[in-house]
Amino acid sequence: MELPAVNLKMIILVHWLLTTWGCLMFGGAYAWANFTILALGVWAVAQRDSIDAISMFLGGLAATILLDIIHIGIFYPRDSLTDTGRFGAGMAILSLLLKPFSCCLVYHMYRERGGELLHAGEAAPAASSQPPPRWPGFLGPSQEHSAYQTIDSPEAPADFYSGLEGKGHTPQGC
């Protein structure tokens with residue numbers, strides 16, 4: 001089954017709107033959890049090639065499914081609701097119902113960016129003497145593939161001045 005091509009900005013916009021309306025009924029921890037995850041989504045939009053940004057957004061979106069169930073289950077009033085309260089609760093529930101579909105779409109974007117999520121039971125490649133990581137993907141170490149060299153690279157830096165004396169250069173100084 002082919003997933004529809006949906007822009008990450010649209011996913012964030014829809015969840016932002018539903019979360020804002022859901023905050024009419026549920027505030028506090030509900031708002032903090034959802035808006036924090038939406039901030040990670042903005043980071044994923046800003047860093048188009050970042051696997052870490054999209055994986056953090058995916059993991060957070062999945063976590064807010066459980067958190068929203070808890071918030072709605074605990075703080076949904078049992079007695080009289082105003083029209084505004086009913087609307088806010090309905091939007092929070094609609095956001096919760098859309099989150100699994102959003103997770104599927106974001107996971108597809110995660111895979112497009114080069115992320116991989118191996119199952120914990122998969123065997124290591126034959127050429128590798130290392131066992132497979134226990135939690136690869138968004139639960140494991142960073143998978144960033146950048147053109148920049150990291151500061152803590154195992155390669156020793158080349159000494160720029162080591163071969164200059166033999167090539168006609170005289171040392172300057174005292």
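Predicted model: local features only at pLDDT ≥ 70, side-chain atom pairs only at ≥ 80, totals over all residues.
## Helix α1 against helix α4

Let's start with α1, which covers residues 8–22, and α4, which covers residues 83–112. Two packed helices are described by the angle between their axes and the distance between the axes. Here the axes come within 8 Å and cross at roughly 160 degrees. Angles over 145 degrees count as roughly antiparallel, so α1 is roughly antiparallel to α4. The crossing of α1 past α4 is left-handed.

By class, the residues of the contact between α1 and α4 are 13 nonpolar, six polar and one charged.

## Helix α1 against helix α2

The axes of α1 and α2 come within 10 Å and cross at roughly 165 degrees. That angle makes α1 roughly antiparallel to α2, and this crossing is left-handed.

On the α1 side, the contact is made by Leu-8, Lys-9, Ile-12, His-15, Trp-16, Thr-19, Thr-20 and Gly-22. From α2 come Tyr-30, Asn-34, Phe-35, Leu-38, Gly-41, Val-42, Ala-44 and Val-45. The contact of α1 with α2 has nine nonpolar, six polar and one charged residues.

Does the length of α2 fall in line with expectation or depart from it? Helix α2 runs over residues 29–46, and at 1.5 Å a residue its 18 residues should span 26 Å. The C-alpha atoms at its ends are 26 Å apart, which agrees.

Now for the buried part of α2: Tyr-30, Ala-31, Ala-33, Asn-34, Ile-37, Leu-38, Leu-40, Gly-41, Ala-44 and Val-45 are buried. An α-helix has 3.6 residues a turn, so residues three or four places apart point the same way. What do the buried residues of α2 pack against? They pack against α1, α3 (51–75) and α4.

Gly-27 sits in the loop between α1 and α2. Is Gly-27 buried or partly exposed? Its relative accessibility is 46%, so Gly-27 counts as partly exposed.

Notes:
Residues numbered from 1 in each chain as written. Heavy atoms only, no water. Axes fitted to C-alpha atoms, helices over the stretch in contact; angles between N-to-C directions. Helix = DSSP H or I, 4+ residues; strand = E, 2+ residues; numbered from the N terminus. Parallel < 35°, antiparallel > 145°, perpendicular 65-115°, else oblique. Left-handed = near helix turned anticlockwise from the far one by under 90°. Nonpolar A, V, L, I, M, F, W, Y, C, P; charged D, E, K, R; others polar. Expected span 1.5 Å × (residues − 1). Buried < 20%, exposed > 50% of the residue type's maximum accessible area, 1.4 Å probe, protein only. Contact = heavy atoms within 4.5 Å.
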